[in-house]
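Me: I am new to reading protein structures. Could you walk me through this one with a few questions and answers?

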Amino acid sequence: MVVKIHKSRELSEILNIVVSTIREILESDRAIIYRFLEDGDGVVAAESVNSECIPILEQLTDDPCFHAKWVEQYREERIHVIEDIHAKFLDPSYKQLLTKLQVRANLVVPILVKDIDETSSASPPVWGLLIIQQCTKPRQWSSLEIEFIQLVVTELEIVIQPAQKHPSPPQFNQYLHHPIIQPKQKLQIATRTLHQNYKKNPVKNITQQQTFLKKHQGVKKQLRWQEALLRSMTDNSLLAFFVVDNRTDEILYFNHRFCEIWGLEHLEARMQLGMMKNNDIIPDCITLVADVPAFSETCKLLQSEENRCTIEDEIEFVDGRIIRRFSSQIRDSQDQYLGKLYIFEDITSRKQIAAALKASEERWQYALEGNGDGIWDWNLETNEVFFSRRWKEMFGFAEHEIGNTLSEWDKRIHLDDKAQIYEKIDQHLRGETQQYVSEHRVRCKDGTYKWVLDRGKIFSRTNDGHSLRILGTHTDITERKRMEEALRESEKRYRSVISTIAEGIVLQQADGSISACNESAERILGLTADQMMGRTSIDPRWRAIHEDGTSFPYETHPFMITLRTGEPQFNVIMGVYKPDDSLSWISINSQPLFQENELKPYAVVASFTDITAYKQAEISLQNQIRQERMVAAIAQHIRQSLDLDQILNTTVAEVREVLQTDRVIIYRFNPDWSGVIVTESVGEDWKAILKMEIIDSYFVETQGKLYQDARIKVTSDIYIGEMTDCHLELLEKYQVRAKVVVPILQGDRLWGLLVAHHCSAPREWQSWESELLQQLATHLAIAIQQSELYQKLQQANQQLENMALVDQLTQIANRRSFDIKLHDVWKHLLREKGFISLLLCDIDYFKQYNDTYGHASGDDCLLFVAQALQQTIKRSTDLAARYGGEEFVIILTNTDTDGAVQIAEEIHAAVEQLNIPHAASAVKQHVTLSIGIATVIPTLDLVPLALISAADQALYQAKAQGRNCYFVNNYDVNQLN
């Protein structure tokens, strides 16, 4: 068609080419161009018609329908679509005309041509109509076909305008390069190819003809479907698409998202018409780029036809946005270069979230490594292991010197330790242990070995229970091992010497009395020889205990057992209180002494070793291990939740259980340095103080400076030491006798306090207890910060969700919200078999309102009308939404036609009361509404679109009846489905 137009010199010839080509592509019965004459009549200026239909070329018509109703609508570029004249309400005279012309389905697109010399901004006159008709049967006109005809009309208007002034036709190649037309040219090329193949291979019988036609139609339908699918995908995508031919600099394709990202909305219309090339939009784009030289260099590389690679990079904009760009070549099946495809994606929010998560992870890792531990994370599927920076430093390695494989750890394990390590790991994987714990040696970079306490736990499993990942820590216990080894060596030497002088030795007679002792015994027991002589084991001045703290009864003393049984006793551990109340731990051996030929001993030699230092080291080690396990367990519980209340409640409950104290609270500071107890775990015998606000004048005056430097405050007895009267009175009110206060710091900010109260009596707090609270406060601060970040993220997501469902101009529900609501209501009323009514409202002559008062006033008008609609509906189950442009829609659930009519009348009254001036309206001197009403009971045979279509037809009838009214569609909605 384009080639023929280029060869044509006469307008009539161009019109004939257009109608014949369109009828062939759309396979319609008739295609005509109807031209309006100056006297008001009209004539068919060009026609292509099926041989079975009546030709109407050059026929004149003075049909009053055109002048009475349609001409003004055509001037507004309204398209007239009839799919079946017998299924649509039409003016009787118009229906009679269509029947006379054998028309069953009709598609009319107006041709508007403005005089070249005319500078007025008024709507151009209607030059004529491009009409496509189906005569033999009804036809459903697709949106693709309508869009195609509109574009043809656009190019016709360009052709006709200069043709009225000049004898030769203008160039028609803008039509060829329009981005929307390209897929349709493919459709036309396919049609021509099929015709050419048909001419080369004549069909020899009817069956072959039918097969050929079916293939022909299938190809055209497939191409149309593919084009519609592609446009739907790209138009609704968050990705920006841009295709350019670098050889000609022509823009082959782009979507609206491309204009949004690059700020080209003001040029979009001209780009759509092919009036701009790639280099024309570059000046507008380049102002957005932060690093223009780097951007220019990457563009040069991408424009080369020889560069066949798909390239991904990121562009930083001056406003802080980060845009990801994908670029690749477009080539056809013959490997011919067609152009370059660019895909742009705004990843700013993703980058920001990633940065925040990275910072959070770094803080978490810092907290875990704060006590000097190294972290490892083992992926059991890939055998990849993450080793933290501290883990590598522990063994003398730099960050880059250790890889991320299991072998990096395995090859450094001492050979003597390897078997037992893997056995303990297997035990944990089999579920036999709560966690993996091992003490072993690891080779350092300098060849020496360090002892580590290696602990880990499975924290990720598959759905069927298989382990995926183990997370663990390495603690350097080399010094502790040295101490233990030294202790063992010392004990060994001590045992060798104790047989002579260093070991305490006591001789007890058969009656249990002590008759001899050495100096070591005096030293160990804290008694002189005189004080011990004559004492027995039942002497009340002896105070002895078992390892578990229970009393050591007389009859169970090793001396007495040996005297009674004649059997020696070895390594019996006993705690003995000295006269100064200090506790010494001794390991006792008792050996019987027999007289010749006697079976019962006459005396017992008891030797005992002072193992107090060993016991203290053992107790200290047990406390350390217990503390570490408690901290790890509580910290894990804290990290398992992002809910702040759950985190705080878990912390205070577990701390109170571990410390066996009466109350644990978390006190949070307010901005004015007053505070409130936000979480509490308290024994049932003591007063609960949860949610209690406390104003400490000292905190307010100093703004918490006492705790800003992470200082811990330990009070064993509130009545001992310096304390103000008001503070003492406050603690007495809350039944506090002893306390430990640990600050919760987030960086330099004092968030609150973690406080342990002992109420029943004074308490000497152990150092490990305050250290435990301090470590937990660190974990708690991180967990609080993560929880607050998570809550902010949730709030931001909720705000984004709300923004996606609200029209930003009118602040009522938008089209998406309407679609969701209609779908949900339809499903509900399908089950309940209830009525649903739809009111489709349109502001009368809104275009003229904008032209008269300006778009700003038009926006205000839309806002006022939206508020009136919102105030009219009273039920929460109903919805008022902006449907698009000046159209609004109202969903009324469980409402029949009478109820819908009542609401429509209330809406008219509300809009009437607004009394918004509208001098350009042909109905009233103020703004009015036309309303279409449709009501249905949903069934399985109906879809919501049928109800919308019915309401749309009703709105059309309301406008046809003069506007400022409502119209109820009483037709069977099933016909619209």
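Below, we go through the structure one question at a time.

Me: What kind of model is this, and how many helices and strands does the protein have?
Reply: Good place to begin! This is a predicted model. Of the 977 residues in the protein, 44% are buried. As for the elements you asked about, the protein has 31 helices and 33 strands.

Me: What share of the contacts between residues at least 6 apart in sequence join residues at least 24 apart?
Reply: Here we take contacts between residues at least 6 apart in sequence, and ask which of them join residues at least 24 apart. A contact means heavy atoms within 4.5 Å. The share is 56%.

Me: Which strands are at the edges of the open sheet of six strands?
Reply: Let's read the sheet across: its order is β25-β24-β23-β28-β27-β26, and the pairing is antiparallel. In general, strands of a sheet pair through backbone hydrogen bonds. An edge strand here pairs on one side only, and the two that do so are β25 (693–694) and β26 (713–715).

Me: Which helix packs on this sheet and touches β23, β24 and β28?
Reply: Look for a helix at residues 644–659. Its direction makes about 50° with that of β24. The helix is α22.

Me: At about what angle to β27 does helix α26 run?
Reply: Helix α26 covers residues 767–804. This helix lies across β23, β26, β27 (738–746) and β28. Relative to β27, α26 runs at about 40°.

Me: Which residue in β24 is the bridge partner of isoleucine 666?
Reply: Start with the two strands: β23 spans residues 663–669 and β24 spans residues 675–682. They pair in the antiparallel sense over seven bridges. Within β24, the partner of isoleucine 666 is threonine 679.

Me: About how much space lies in the largest cavity?
Reply: There are four cavities of 30 Å³ or more. The largest is lined by 18 residues, and those nearest its centre are Ile514, Leu525, Trp542, His557 and Phe559. Strands β17 (504–509), β20 (569–577) and β21 (583–593) each supply at least two residues of that lining. The space in this largest cavity is about 180 Å³.

Me: Which residue in β22 is the bridge partner of leucine 507?
Reply: Strand β17 runs antiparallel to β18 (residues 514–517), with three bridges, and leucine 507 stands opposite alanine 516 there. Strand β17 also runs antiparallel to β22 (residues 603–610), with six bridges. In β22, leucine 507 has as its partner valine 605.

Me: Which residue in the turn between β17 and β18 has a positive phi?
Reply: β17 and β18 form a hairpin, with four residues between them. In that turn, a positive phi of about 95° belongs to glycine 512.

Me: Is aspartate 235 buried, partly exposed or exposed?
Reply: Aspartate 235 is found in helix α8 (residues 206–235). Leaving aside neighbours within four places in sequence, aspartate 235 is in contact with Tyr253 and Asn255. Buried means under 20% relative accessible area and exposed means over 50%. Because its relative accessible area is 40%, aspartate 235 is partly exposed.

Technical notes:
Residues numbered from 1 in each chain as written. Predicted model: local features only at pLDDT ≥ 70, side-chain atom pairs only at ≥ 80, totals over all residues. Heavy atoms only, no water. Pairing = 2+ DSSP bridges. Axes fitted to C-alpha atoms, helices over the stretch in contact; angles between N-to-C directions. Buried < 20%, exposed > 50% of the residue type's maximum accessible area, 1.4 Å probe, protein only. 1 Å grid on protein atoms, 1.4 Å probe; cavity = no way out; pocket = protein on both sides within 12 Å on 5 of 7 lines; lining within 4 Å. Points joined across faces, edges and corners; volume = space filled by probe spheres on them.
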